[in-house]
Amino acid sequence: MEHENRQRVLWTIAIVVVLIFALIPVLWLISLSLKPPGSITDKSFIPSEFSLENYKSLFEGGIDDSPFIKPLINSIVIALITTVIAITLASFAAYAIARLEFPGKRLILAGALAIAMFPPISTVGPLFDMWRALGLYDTYPGLIIPYLTFSLPLAIYVLVAFFREIPWELEQAAQVDGATPFQAFTKVIVPLAAPGVFTAAILVFIFAWNDFLFAISLTSSDASRTVPAALAFFTGESSFTEPTGSISAAAVVVTVPIIIFVLFFQRRIVAGLTAGAVKG
Amino acid sequence: MEANAPANPNPPQAAASSRTRSERKLAWMLCAPAVIAMLLVTAYPIGYAFVLSLQQIDLRFPDESGFVGLDNYVSVLTSELWWEDIFNTVFVMVTSVAIELVLGMAIALVMHRAIFGRGVVRTSVLIPYGIITVVAAFAWQFAFAPDTGFVNGLPLISDEMDWFGGRFSSFAVIIMAEVWKTTPFMALLLLAGLVTIDGQLYEAAKVDGATAWQRFWRITLPLMKPAILVALLFRTLDAFRVFDTIFIMTRGSQDTESVSILGFNQLISRLNLGLGSAVSVLIFLCVFLIAFLFVKGFGTRLDEGRPGG
């Protein structure tokens with residue numbers, strides 16, 4: 001009995017440590033974002049006075065003058081378009097890999113894996129040069145295309161793992177009933193595959209949402225600059241003040257919705273992140 | 001559906017082979033868009049980077065362009081900066097991956113063996129995964145900054161400590177931010193390996209009198225070797241590309257520059273496409289070398305793995 005109690009205490013401590021470790025930066029950003037400019041340097045973890053001034057300054061001036069609204073729109077639109085295209089292309093490829101027999105299947109999987117390991121910095125220079133020649137520099141497609149490339153391997157692997165779990169016979173049954181392979185795909189497999197597709201979509205969205213390297217290399221203005229890049233260019237009220245408060249407020253705005261979303265769909269995300277990790 | 005469906009004109013054998021053929025055609029058609037999209041921004045640009053790296057191209061001095069052979073590579077490989085940045089990158093990579101492996105294993109064990117609170121732990125480890133790397137870097141930078149941060153007010157830490165004023169104290173903060181952000185991924189991959197181990201093995205070992213420590217070293221670790229190696233490979237390659245955290249925290253000052261930052265500085269800040277491309281190609285070769293060493297050295301079976309998040 002005493003042994004059991006001691007174990008419970010140890011587990012509680014372990015859990016609390018993990019929880020604090022995970023939460024500290026988020027709580028710290030919320031705290032900083034609520035401190036009025038006068039007390040931002042008070043160095044205390046819990047604000048002594050609260051103000052929403054930092055949030056107001058983010059949205060002041062509307063879409064034209066606010067340093068934050070346009071990047072926020074850019075981030076959302078670019079990440080959503082990337083997700084839709086990547087999931088469409090990856091679903092086609094993953095269906096073929098999971099369900100059909102064809103030469104080149106292993107090559108595609110190996111190639112996708114190689115691209116997952118590819119260092120993005122190695123493509124930044126050529127893309128910078130090519131995009132300027134093609135007029136894609138500082139545009140949405142200029143970011144969506146590289147995001148697509150680097151999120152497809154992840155999406156394909158997750159989807160193949162999910163598609164392999166789908167009962168094969170149903171598709172054959174549909175084909176026996178006269179459906180073409182394409183119909184069998186859209187009418188039977190797609191509804192069954194929806195949970196896996198959704199999981200892959202979350203992971204691709206987070207990938208595009210998170211990118212910084214392409215965002216600062218291939219954009220030059222608010223026309224297409226996303227939030228991570230815009231944060232690096234934030235300036236204070238005057239050249240003497242650090243933009244700590246407004247960066248923190250912006251960080252909270254882009255972080256809290258994603259965290260709620262991630263926590264809500266945590267089972268799916270865990271399944272997606274570990275898809276294929278243990279299957280030989 | 002039709003009342004007078006025509007009889008199948010082909011004998012079964014021919015029908016099967018034509019179905020195989022149409023299946024192949026369909027498969028290739030389904031894969032083509034994804035394959036093209038993946039090659040578009042990798043194979044072609046890396047080839048183009050190689051071409052650029054053989055030329056002198058500085059966008060600030062466009063008149064002086066020309067073919068220079070391997071001169072750019074000679075410049076990079078004989079510069080002290082490149083080797084210092086390689087040291088920095090490998091230092092951050094090895095340290096953060098090593099810490100992540102230990103922490104990730106501990107968290108995976110907690111999640112696996114939890115008597116209660118498994119959901120809480122899983123929820124909390126996903127928080128770092130959902131946060132933008134740049135945002136996390138700012139959060140830690142503000143926490144350690146002497147003018148705004150709470151860290152210097154903690155017990156055992158000097159109030160005057162200027163974390164970003166020195167090389168290794170900067171690295172300490174950079175590594176801790178990297179570890180915070182990516183340990184969840186490591187923990188989840190390790191947990192996935194952990195749940196495949198047959199619980200009866202532990203029962204049998206217990207009956208034979210093995211201690212918890214012995215069970216961990218003799219059962220858990222050996223059986224998890226494939227999962228550990230795959231997680232290590234992906235995290236090592238990912239850590240080698242470290243960019244966001246260093247860019248936000250120090251921009252490479254205090255000699256904390258990584259090779260990715262060096263490439264970015266040459267390509268985008270200085271517009272020196274020739275020299276920058278040589279750096280890019282060399283980084284690509286390093287990543288290739290690391291992957292090769294993993295596969296050859298540890299016998300990692302890559303197709304058991306998954307691409308990194």
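**View 1. Tyr137(A) counts as partly exposed because 19 C-beta neighbours sit inside 10 Å of it.** The cut-offs: 20 or more other C-beta atoms within 10 Å of a residue's own make it buried, 12 or fewer make it exposed, and anything in between is partly exposed, with C-beta atoms placed from the backbone. This is a predicted model, where local features need pLDDT of at least 70, side-chain atom pairs count only at pLDDT 80 or more, and totals for chains, interfaces and linings use all residues. Residues are numbered from 1 along each chain as its sequence is written, while chains are lettered from A and ligands numbered from 1 in the order in which they are written. You'll find Tyr137(A) in the loop between helix H6 (121–134) and helix H7 (140–163) of chain A; helices are DSSP runs of H or I, at least four residues, numbered from the N terminus. Skip its neighbours within four places in sequence, and Tyr137(A) is in contact with Trp131(A), Arg132(A), Gly142(A) and Leu218(A). Contact here means C-beta atoms, placed from the backbone, within 7 Å.

**View 2. Ala93(A) in the largest nonpolar core.** A nonpolar core is a set of buried Ala, Val, Leu, Ile, Met, Phe, Trp, Tyr and Cys residues joined through C-beta atoms within 7 Å. The largest one has 171 residues, and Ala90(A), Ala93(A) and Leu190(B) touch the most other members. H7(A) gives the most to this core, with 17 residues. Leaving out residues up to four places away in sequence, Ala93(A) touches Ile108(A) and Ile156(A), plus Leu30(B), Cys31(B) and Ala34(B) from chain B.

**View 3. Helix H9 of chain A bends by about 55 degrees at Ala194(A).** That bend is the angle between axes fitted to the seven residues ending there and the seven starting there. A proline, Pro195(A), follows within four residues. End to end, H9 (residues 181–210) spans only 37 Å between its end C-alpha atoms, whereas a straight helix of 30 residues would span 44 Å at 1.5 Å a residue. The expected span is 1.5 Å times one less than the number of residues.

**View 4. Where chain A meets chain B.** The contact takes 89 residues from chain A and 90 residues from chain B. On the chain A side, helix H1 (residues 2–34) gives the most, with 14 residues. That side of chain A divides into 67 nonpolar, 18 polar and 4 charged residues.

Methods: Helices (H or I, at least four residues) and strands (E, at least two) are DSSP runs, numbered from the N terminus. Two residues are in contact if their C-beta atoms, placed from the backbone, lie within 7 Å. Ala, Val, Leu, Ile, Met, Phe, Trp, Tyr, Cys and Pro count as nonpolar, Asp, Glu, Lys and Arg as charged, and the others, Gly among them, as polar.
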